[in-house]
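Please read this briefing with the sequence and the model side by side.

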Amino acid sequence: MTQISEQQIRDQISRIPDPYTGNTLDGNKQLRQLSIQGGEVRGDLQLPYPCAGLAENFRQLVVNHLLALDQVEQAQLSLSQNIRARRVQQGVEEISASS
């Protein structure tokens, strides 16, 4: 059996619909620290929203998709969040918190 390529893993992840946003995941941007050794795949999937309460179900969904590939025997995946701040739209005042 040939070893699966990094691009095959990223392509498979890009086919997975995010059940919370309705968009497909982006395996090229969201998958970090990918390592492949034989049939074992490890990586970190970064989501653009808070994911603490969703992590286990979502992680298992992605792992199941990876295990559907013939060359993948084992998949270990962690989830993290990467939330980026955006600039305030021009003409809209920024809301400041006060105590």
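The notes below start with the chain as a whole and then turn to its parts.

This is a predicted model, in which local features need pLDDT of at least 70 and side-chain atom pairs count only at pLDDT 80 or more, while totals for chains, interfaces and linings use all residues. Residues are numbered from 1 along each chain as its sequence is written, and side-chain values use heavy atoms, with hydrogens and water left out.

The chain has 3 helices and 3 strands, and from the N terminus on they follow the order α-α-β-β-α-β. Helices (H or I, at least four residues) and strands (E, at least two) are DSSP runs, numbered from the N terminus.

**Chain totals**

- Of the 99 residues of the chain, 33% count as buried. Buried means under 20% relative accessible area, exposed over 50%, and partly exposed in between, with a 1.4 Å probe and protein chains only.
- Among contacts between residues at least 6 apart in sequence, 59% join residues at least 24 apart. Contact means heavy atoms within 4.5 Å.

**The sheet**

- The strands form an open sheet of 3 strands in the order β1-β2-β3, with mixed pairing. The edge strands are β1 and β3 (74-81), each of which pairs on one side only. From one strand to the next, the twist averages 10°.
- Two strands pair if DSSP finds at least two bridges between them.
- Strand β1 (residues 31-37) and strand β2 (residues 40-47) run antiparallel and are joined by 5 bridges. Arg32 has Asp44 of β2 as its bridge partner, and Ser35 is bridged to Arg42 of β2.
- The hairpin of β1 and β2 has 2 residues between the strands, and Gly38 takes a positive phi near 60° there.
- β2 and β3 pair in the parallel sense over 8 bridges. Val41 stands opposite Ala75 in β3, and Gln46 stands opposite Ser80 in β3.
- β2 is mostly covered, with 7 of its 8 residues buried.

**Helices on the sheet and on each other**

- α1 lies across β1 and β2 and runs at about 130° to β1. α3 lies across β2 and β3 and runs at about 140° to β3.
- Axes are lines fitted to C-alpha atoms, for helices over the stretch in contact, and angles run from 0 to 180 degrees between N-to-C directions.
- Two packed helices are described by the angle between their axes and the distance between the axes. For α1 and α3 the angle is about 130°, and the axes are 10 Å apart.
- α1 and α3 are therefore oblique to each other. Angles under 35 degrees count as roughly parallel, over 145 as roughly antiparallel, 65 to 115 as roughly perpendicular and the rest as oblique.
- α1 passes α3 in a right-handed crossing. A crossing is left-handed if the near helix is turned anticlockwise from the far one by less than a right angle, and right-handed if clockwise.
- Ile9, Gln12 and Ile13 of α1 make the contact with Val62, His65 and Leu66 of α3. These residues divide into 4 nonpolar, 2 polar and no charged. Ala, Val, Leu, Ile, Met, Phe, Trp, Tyr, Cys and Pro count as nonpolar, Asp, Glu, Lys and Arg as charged, and the others, Gly among them, as polar.

- Gln12 sits in helix α1 (residues 6-14). With a relative accessible area of 10%, Gln12 is buried.
- Not counting residues up to four places away in sequence, Gln12 touches His65, Leu66, Ala68 and Leu69.
- Gln33 belongs to strand β1. At 69% relative accessibility, Gln33 counts as exposed.
- Phi of Gln33 is near 50°, a positive value in a residue other than glycine.

- Pro48 is in the loop between β2 and α3 (55-67). Not counting residues up to four places away in sequence, Pro48 touches Gln30, Asn82 and Ile83.
- Pro48 and Ser80 are 32 residues apart along the chain, and their C-alpha atoms are separated by 8.9 Å.
- Arg84 lies in the segment after β3 and is exposed, with a relative accessible area of 56%.
- The C-alpha atoms of Arg84 and Pro48 are separated by 7.5 Å, with the two residues 36 apart along the chain.
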